[in-house]
Amino acid sequence: MLANDTEGRCVGPVDPSEFLEDYLPRSDSMPHTPCLREDEREALRRVATATSEKNMYEPFKASLQRYARGMVFMETSSTSANNPFHPKPDFCLYEEAVETSGRMDFSTAELCIELKPCMSYDPFEDLDARSSTAFATAQLGSQFRIFVFSVVIVNDHAQFVRWDRAGAIITTRFNYLEKSDVLTHFFWRFSHLSREERGHDPSVSPPNLSEEDAQKIRDVLHLEAGTALFAFAIPYNDGEKLFYGPRFPFRVRSLVGRSTRTMPVCDFVDGAPGKVVFLKEYWRQAAMRGEGEVYEHLIKHRVPHIAPLMCGGDVPRGETRTHEHADQMDSSLISPRHLHRLVLEIVGRRICEFRSTRELTQAVAHAMRAHWHAYNDAKVLHSDITANNILIKDNGDGVLIGWELAIFLDDKADSNIQMRRDHSVTQQFVSAALLANPGQTHTLQDDIESFLHVLVWTILSYLPSPVDENCRKSWVLLLYDYTFKTTTGQEVGGITKADKLALGDYPPKAFNPMEYSPILELIRTLASPFRARYGEPPTDGEKEVYEYVNAGVREEKVDMASLVTHPVYGYQLGMDRLKNSEWFLNTIDDALKRPDWPNSDGAAYKLLAITEGTLRQKKRGTRRIETDAQPLSVSSHSSG
C-alpha cells in the first residue's frame, strides 16, 4: 500500500534510461561518465550481497563517490537531525560547500538515498512507503523547491524517483550490477546539473545586501540576529519585485496539494526596509485561476474587508511534471500545478488570537460580509472558509483571505473544475453535507455553514471555560476530526456535525465560557436554520395540516401562534434563511449592538494534541495544531 499522501499519485514504472533523458539530460558541455574501476565494481557487489543496511553503507559510498562531482555522500541514518521529528534516510548527498556539522539537515540536502538489503522490500508497495514519501516531503518543505529526486537501492536493484507537488514518477527496478552504467550515469549527470535543473526554485536566492542592511530587515521582521534571509522575486506588472524574508517557518506536512506557506516579508528601497507585508505561496491547479487574478476581480467590484493586493502571479518555470506520465495511465488524481506567489498589504492576527468574543464575532461578521459581496456583486464563491482564512487587523476589523479555490459563478468551466479538483481543504470547517458527499456541488449554503463552524471550533478550542479539558478535546475530535471509509473506500465524515445541527445542540449545550458572553446565544441562533437542512423534512401529512392551519390564520379563525410553532413553518423559515447571507449578517449586527459583551474575554486556551481516536484522527489533529502555529503576523513569527 502507498502512503495515504501518494496513493493514486505515483506514476510509472518508467524505463530508467528514458527517465535519465527526460529529467537528467546530458548537455553538450557535460563530460562523459567515467567507466567503473574494478575496485568500484567490487564495492557495488558488496552492496548487493550485504545482509544488513549497515554493511551496505561503506561500499556504496566507495563505489559512487567519484561520480558525484562537487558533492559528498553523508551516512545519515545514525546521525542527529536538526529536526528530531523528521525521519532520516540512509544517505544524503550534499554540495561540498555546505556545512552540515555532521548533522542530518533536509534544508540543504540535494538527494535522499534509501538502502535495503531485502529484495522483498518495495518502497511503493511496502508499508514503509511512508518513509520514502516523508523524505521527499521534508526536503520539499524545508527548501525552496520545484521538485526533488531520490534513489532507492534494494539488494542488487535500484530505482529512481522524481517527486513534485502533483505526485511521483518512478522507474522500473533495474539490476545495477548488470546495468551499472545506468546508476553511474544518474549520479554523474545529477552532480553536473545546475541547481535549477536539480529542482531548486530560481526565483528565490540569497540577498544581495550588506550585513548592515540585512540586519535592518531582521529588525523590522522581528528576527533574531544572524537569521538567514532570502530574496523572493515576485511577479510585478511586466517584471518582478524583490521582497526579503527568512525561510518559511512552517513546513508543509503533505507531499501533494496546494502546500500553502505564508509569512511576513518586506521590500528594501533607498537603503531602508519597507513596510511589513504578507507573502503567500501555494501550488495552484493549472485549470484554476491564480489567487492574484481573483483579488483583481474582487477589487474591481469593490468587495469590502479583503486584503489589498500588492503583486503576484505564477513563478516562472514553477510547474509540476508528474501529470505528463499520468496522461498515459489515466490517473484522475493527478493534475498539473503551478507555483503561485502573491504579496498582500496586510499583516494581522489569526482569528484564534481574538482579544474578546465581541472582536471574534465582529471579525467573522466582516469576513462574512466580504463573502456575501463577492458572491452577490462579483459572482464569486469563496469555497474555502476556514479559521486560517480570517484575519483580525489591529483595529479589530476582520479580513477574508485565501481565495485560491474561488469559483466564478458565471464561468461554466469553473462549475466543472469544482467537480474534478482534489479536495485539499481544511476538513474541520467543511459543511456536514459536503463531508458526507464529497463529490457534490459546493454551494453558498456550504460556505455559510463553514462560518458557523469557524466560530464554534474557535470557542471550543480557545475560549476560557470551566469545562474539563478532555471533554473539550473529545468534542473537537468528534465534531471536526472524525471520518470513516465506506465499503467503496471513500472517506466521508460530518456525521456528528449534522446530528448536532439537526438536534439544535450546536455548540454542545454543556459548554459554557468562564465569563458570560452573548456569543453562545448568538451562535445557537445562527445555527437554527441548519435544523431544516439536516433534520427530517416535513411529511406529507404535516404539510397538509400546515396548509389547513395557514388557511385558518388568513381567515383569522386560527391564532398566529399555532402557525409559527408548527414544524413545517420552522422548516420553511430555515430553508428561506439559508438562501442568502442577509439574515445571518443582520442577526450578527443586532447582537453586536448589545451592551453586555465582555471587554477582555480573549483567547487564553490552547487545545492540546489529540491523543484519542484512530491513527488517522491523531495525525489529523496534529496537523491541525501545526497549521495553527503557521505565522501570519510579525508578532507570531518564529525566527528559528
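I call a residue buried under 20% relative accessible area, exposed over 50% and partly exposed in between (1.4 Å probe, protein chains only). Helices are DSSP runs of H or I, at least four residues, numbered from the N terminus. This is a predicted model, so I note that local features need pLDDT of at least 70 and side-chain atom pairs pLDDT 80 or more, while totals for chains, interfaces and linings use all residues. Numbering runs from 1 along each chain as its sequence is written, and side-chain values use heavy atoms, without hydrogens or water.

**Helix H5**

I looked up H5 and found ten of its 13 residues buried, so the rest of the structure largely encloses it. Among the buried ones are Phe186, Phe187, Trp188, Arg189 and Phe190.

**Cores**

For a nonpolar core I join buried Ala, Val, Leu, Ile, Met, Phe, Trp, Tyr and Cys through side-chain atoms within 4.5 Å. The largest has 78 residues, and Tyr295, Leu298, Leu344, Trp403 and Leu452 touch the most other members. H12 gives the most to this core, eleven residues. Another core, of 48 residues, lies apart from it and includes Phe187.

**Cavities**

A cavity here is a set of 1 Å grid points, over protein atoms alone, where a 1.4 Å probe fits but cannot get out; lining residues have an atom within 4 Å of a point. Points join across faces, edges and corners, and volume is the space filled by probe spheres set on them. I count seven cavities of 30 Å³ or more. Of its 14 lining residues, Ser383, Asp384, Val430, His442 and Ser450 are closest to the centre. H12 (residues 444-462) supplies the largest share of that lining, three residues.

Key. 1 Å grid on protein atoms, 1.4 Å probe; cavity = no way out; pocket = protein on both sides within 12 Å on 5 of 7 lines; lining within 4 Å. Helix = DSSP H or I, 4+ residues; strand = E, 2+ residues; numbered from the N terminus.
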